[in-house]
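Keep the coordinates open while reading.

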Amino acid sequence: MNQYLAITSNGLENLLAEELKELGVIDPKPVQAGVKFKADNRLIYRCCLWSRIASRFVKILAEFQCQDDMDLYLSASAINWPSHFDCSKRFVVDFNGTNREIRNSQYGAMKVKDAIIDSFEKQRLSRPSISKDRPDLRVHVRLNKDKAILGIDMVGTGLHQRGYRTESGKAPLRENLAAAIVMRCGWDADKSLLDPMCGSGTLLIEAALMAANMAPGVKRKQWAFEALKDFEPEVWAELKSEASVQARRGAKNVQGKFFGYDNDKRVLSVARDNARRAGVEELIQFEQSDAATLTRPKDFTHGVIVCNPPYGERLGTEPGLIALYTAFGAQLKAEFGGCEASIFSSSEELLSCLRMRADKQYKLNNGALRCHQKNYSISERTAENGNIQKEQAVVAPDFANRLKKNLGKIGKWAKREELDCYRVYDADLPDYNVAIDVYQGYLVIQEYAAPKNIPEEKAKRRLTDVIRATIQVMGVDANKVVLKTREKKKGASQYQKLGEHARYLEVNEYGVKLQVNLYDYLDTGLFLDHKLTRRQIGRMAKGKDFLNLFAYTGSATVHAACGGAKSTTTVDMSKTYLEWAKENLKLNGQVGRQHRFEQADCLQWLESAQGNYDLIFIDPPTFSNSKRMEKSFDVQRDHIYLMKHLQRLLRQDGTIVFSNNKRQFKMDFTALEELGLQAENISAKTLPLDFSRNKHIHNCWLITHKQEQ
């Protein structure tokens, strides 16, 4: 009897131990991500052929304390390697883990390789060759702190490679993980099984193989244990022959039915091909359907629904997933009363959108992702007319009611003003700390970073509720909802690129057309709180020479040009935003040499700028670093520095429109007067209705030359 280690995913150790008992193993002992047990050759061959959950089996040759590379080398050298395989076999070392002294797995693998080759050479045998691509066998090392396991892999390529799947969907489950999910979903072979988001069909195929009692390894062509000296070909041939006979008979005796649905026609074609290669194509009925509108098949009575819905690496990138889980949960309750469901996902927040209470739940890993499998019993609730009714759960009622109220008031105002873009919610309630902006039929939800005293899980749950309630209240397609996280930023970091979608949307603002990009940047290319300021500039610009500093995408320039400005000069340090500004002007038919663009740091540009202007718009950042200034720029401290240079460029009867978002900004009237300038506060006049809750961050002033008395 030899000692073996069966390797599996974290969370599946006990399930694997139970499976090994059924295969004939006595007293299997679960360890982290595996099970230890003893077996003779017949039993280990049977385990390799029939285990649905193990990823590989390792014959343990040594377990030892390993503090450094010398311990590793000496322990590997103590094994009589030529007694296990001969020098004609090619091998590779798979080394997993590190410790304080062995910090690189490649280095650890090299030390074991050296020990193996030295073992052959000490017995005056030819040295075996190394092959990473096509080895005959694999030496396995697992290192955890100062403990090491060294052995020979009995399998070769992972056991999850059953041989039936050559192509899969976007996020395929490994076959052994899929088998574990099926084992835990509450299904047995006499029940029907339905996967409403089946993808390449892995869950259903694994279940069908179980129902037909077909060995998952029956189609494998090569096994590493065939390269070992103690290989018993007669025993192996007998076991393989039995499994092949069972595979041919199995499908005929299956009682339950299998249903697979997906909304992707191409993926369904892949699923059918996979089922055919697995030998279970006659058992599974595949059809194209959307999980959010799925109805109950006629032959599906008290069966089990199992699925692995998409869950994304980051919740914020896919608001559509929240809508999918919400609609899917409602559909389960409406159509599948009396059935059971088992959903596998890495996101607790998305699972909460199902609005169902789990009877059982399991924690396990999908690769590096920590996941949950939750099992539900769907109660039969019948209305008076005998039909199961869908429920429309009220999500975050306080938030939903405030959003409805705002939408009624602000939405009507925006329609009267002929605005495509406006803010409908701005952190009105402290528990729901987001801003929601409308861009035609699209929504941008900006999540403000939660305070440190709010647990991360609680913040995620609230955000999920916000997205669900917003989609519900506003009736918008979830694929037109964009989610962003806004933290406190300084300088130009707020313009950091987030993606590369390059999807632009044309919107209207007081008769002016502007391009916005909802996906690629934290900001969209249009500061919505300045809409009245831009309209004011358009009304003031006729026949004027206009200067726009810190211009961003040039929206103020467009309003000035459309308002009849004689010339415009647009200054920004970003080439990308200047090109965007040019496109905005072209969109409104404003082209020609009268429109100049300067790529420069505005603070530096001001120091040497020449020319005179009738109308100047400047909206500087609250704080910024500038290489040409001895100190950082602060709008409160340095606004007079700006005015000093602007005063030089401003014609005698000209006007500066000065805006900033500094909370409780105070104009230095004394210093301004010394420059011969005067200021009129027009903050209240330029504060739009949709930003009326944010009076403290909106400052706007008209600054002119002081008139002689």
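## Helix packing

The axes of helix H9 (residues 319-335) and helix H12 come within 10 Å and cross at roughly 75°. This is a predicted model. Angles from 65 to 115 degrees count as roughly perpendicular, so H9 and H12 are roughly perpendicular to each other. On the H9 side, the contact involves Pro319, Ile322, Ala323 and Thr326. They meet Thr464, Ile467, Arg468 and Ile471 in H12.

H12 (456-474) is also one of the partners of helix H11. The buried residues of H11 pack against H12, helix H13 (531-540), strand S15 (421-426) and strand S16 (434-439). Those buried residues are Phe399, Ala400, Leu403, Asn406, Ile410, Gly411, Trp413 and Ala414.

Just after H11 comes Glu418, with a positive phi of about 60°.

## Nonpolar cores

In soluble globular proteins, nonpolar side chains tend to be buried together. Here the largest nonpolar core has 158 residues. Phe57 and Phe258 have the most contacts inside it. Helix H6 (residues 202-211) gives the most to this core: eight residues. A second core is separate and has 30 residues, including Phe550, Trp605, Val635 and Ala671.

## Two serines in loops

Ser129 sits in the loop between helix H4 (105-122) and strand S6 (137-144). Ser289 lies in the loop between strand S10 (284-288) and strand S11 (304-307). Is each serine buried, partly exposed or exposed? The table gives the values.

| Residue | Relative accessibility | Class |
|---|---|---|
| Ser129 | 37% | partly exposed |
| Ser289 | 18% | buried |

The cut-off for buried is under 20% relative accessible area, so Ser289 at 18% counts as buried.

Sequence neighbours within four places are left aside in the contacts of Ser129, which are Cys87, Lys89, Arg90 and Phe91. Cys87 is 42 residues away from Ser129 along the chain, yet their C-alpha atoms are separated by 7.6 Å. For Ser289, residues up to four places away in sequence are again not counted. Ser289 then touches Tyr261, Asp262, Asn263 and Leu294.

Definitions and conventions:
Residues are numbered from 1 along each chain as its sequence is written. This is a predicted model: local features need pLDDT of at least 70, side-chain atom pairs count only at pLDDT 80 or more; totals for chains, interfaces and linings use all residues. Side-chain values use heavy atoms; hydrogens and water are left out. A nonpolar core is a set of buried Ala, Val, Leu, Ile, Met, Phe, Trp, Tyr and Cys residues joined through side-chain atoms within 4.5 Å. Buried means under 20% relative accessible area, exposed over 50%, partly exposed in between (1.4 Å probe, protein chains only). Helices (H or I, at least four residues) and strands (E, at least two) are DSSP runs, numbered from the N terminus. Contact means heavy atoms within 4.5 Å. Axes are lines fitted to C-alpha atoms, for helices over the stretch in contact, and angles run from 0 to 180 degrees between N-to-C directions. Angles under 35 degrees count as roughly parallel, over 145 as roughly antiparallel, 65 to 115 as roughly perpendicular and the rest as oblique.
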